[in-house]
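Have the sequence and the 3D view at hand as you read.

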Amino acid sequence: MSSLDHVGLTVEDLERSIRFYCTVFNCVVRERAVITGAEVQTLTGVADALIHTADLQLPEGGMLELLQ
C-alpha cells in the first residue's frame, strides 16, 4: 500500500495558510525557514528573492510544505 509522503504548495499568505491547514486539517507545524541565495535566484529569476517556508505534519502521516 502506498501513502502520501510530501506535497508542496505555493501560497500567497504563509501565515493565513498555516492557520487554515492547522485549523481545518489538524496539521502541526514542524519547521519554518527562510531560503535565499543563488539557488533561489536561479529558481525565481529574481535577485535577492526570499522564500518563506513551513513544513506541516499531516495527521495521517506525510508532510505538507507551504512556500511563499
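## Cysteines

C27 counts as buried because its relative accessibility is 6%; buried means under 20% relative accessible area, exposed over 50%, and partly exposed in between, using a 1.4 Å probe and protein chains only. C22, at 22% relative accessibility, counts as partly exposed.

A disulfide is a pair of cysteine sulfur atoms within 2.5 Å, and a search of the whole structure finds zero of them.

## About the model

Please keep in mind that this is a predicted model, where local features need pLDDT of at least 70, side-chain atom pairs count only at pLDDT 80 or more, and totals for chains, interfaces and linings use all residues. Residues are numbered from 1 along each chain as its sequence is written, and side-chain values use heavy atoms, leaving out hydrogens and water.

## Aromatic rings

How many aromatic pairs does a search of the whole structure find? There are three, where rings of Phe, Tyr and Trp (its six-membered ring) pair if their centres lie within 6.5 Å, with planes under 30 degrees apart stacked, over 60 edge-to-face and the rest tilted. One of them joins F20 and Y21: the centres are 5.0 Å apart and the planes at 85°, so this pair is edge-to-face. Y21 and F25 have ring centres 5.8 Å apart and planes at 25°, so they are stacked.

F20, Y21 and F25 form one aromatic cluster. Within it, Y21 is buried at 19% relative accessible area, while F20 is partly exposed at 42% and F25 is partly exposed at 43%.
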